[in-house]
Amino acid sequence: MDPDDLLTIGAFAARARLSAKALRLYDRLGLLTPAYVDEVNGYRYYRADQVEPARLVALLRRLDMPLARITEIVDAVELDGASAADRLAAYWAGAEERFASQRTLVAYLRGRLSGRESGMDETYGKFVVETVDTAPQVLLTQSRHTLADELPAWIGASLGRLEEGAAVCGGTTGAPFVVYHSEVSMESDGPAESCVPVADESAAGAWAAEHGRAWETKVRVEPAGRLVYTRISKAQVAHPQIIAAFEAVERWIAEHGLEVTGPCREIYFADWDAAGPEDPVCDVAFPVAS
């Protein structure tokens, strides 16, 4: 291939609206490979028909899209433009969901910084806090260290597996729930524990023994106790709304001089898929000394 028929990296960068530094990075990542590299001096050269894909990369980067996702879209363009468009739409839907959550978080933080008791109270109203006494439960559980961005998917998958297991353990005897043995955030990875109450402890032990190595499955018996909780809607399960719900329960416990005896939890008592945004689906709770 004759370099005289190609564009130098400087000329190509100007046409593609990318810096030479960015082009070198994309070459190393395999995202935008030069048509020719001089073996003697290492100079990179590009074809004119690479300008359009390069401009696409530049535009996608303006959306703050990770390079791995850009690679998927660029590869899809070569096979099927509609598929590439669908991938872009899926990415942007997720981005808009994140932006909505971040807007709510800003409102929450502004409320806290301005001295209001809870920045969420004005947006979502006061949380009604109650207590309930619980009976002993045999629990089929799975645990995992996970960060906040992976948590929703893991909760759905792990509870689904446990509910399948419960079918051969005498069935479920209560609402599934998730226990947070330590904080789960973008900096802290828990662990979190998914729990499904089951009827038959011995059958649960056998099922856990069969699946424990792959999924960290165990059986434990939770003793009778008392929970302090507030009920929230499907919309409020998202961060940071759910933070305000937990804080409301913690304030109530402190105001009433109660002692927390275990980690916080989310109890899912409704059909998540069938529920609308304003439907109650979850109790956020702390166990306390009865």
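Where is Asp 64 found? Asp 64 sits in the loop between α3 (51-61) and α4 (67-79), helices here being DSSP runs of H or I with at least four residues, and strands runs of E with at least two, numbered from the N terminus. Its phi is near 60°, a positive value in a residue other than glycine. Asp 64 is also exposed, because its relative accessible area is 64% (exposed means over 50%, buried under 20%, partly exposed in between, with a 1.4 Å probe and protein chains only).

The model is a predicted one, so local features need pLDDT of at least 70 and side-chain atom pairs count only at pLDDT 80 or more, while totals for chains, interfaces and linings use all residues. Residues are numbered from 1 along each chain as its sequence is written, and side-chain values use heavy atoms, with hydrogens and water left out.

Taken as a whole, the protein chain has nine helices and eleven strands. Its radius of gyration is 26 Å, whereas a compact globule of 290 residues would come in near 19 Å (C-alpha atoms only; the globule rule is 2.2 Å times the number of residues to the power 0.38). Along the principal axes, the C-alpha atoms fill a box of roughly 85 × 55 × 35 Å. Some 39% of the 290 residues count as buried. Of the contacts between residues at least 6 apart in sequence, 67% join residues at least 24 apart, a contact being heavy atoms within 4.5 Å.

Arg 17 turns up with a positive phi as well, near 65°. This residue is in the loop between α1 (9-16) and α2 (20-28), and counts as exposed because its relative accessibility is 60%.

The peptide bond from Gly 190 to Pro 191 is cis, with omega near 20°. As for Ser 188, its side chain reaches the backbone oxygen of Glu 183 at 2.6 Å. Leaving aside residues up to four places away in sequence, Ser 188 touches Thr 146, Leu 147, Ser 182 and Glu 183.

Finally, Ala 214 belongs to helix α8 (residues 201-215) and counts as exposed because its relative accessibility is 65%. Ala 214 and Thr 134 are 80 residues apart in sequence, and their C-alpha atoms are 31 Å apart in space.

Conventions. A polar contact is a pair of N or O atoms within 3.5 Å; within protein, one must be able to donate a hydrogen and the other to accept it, and residues adjacent in sequence count only if both atoms are side-chain atoms.
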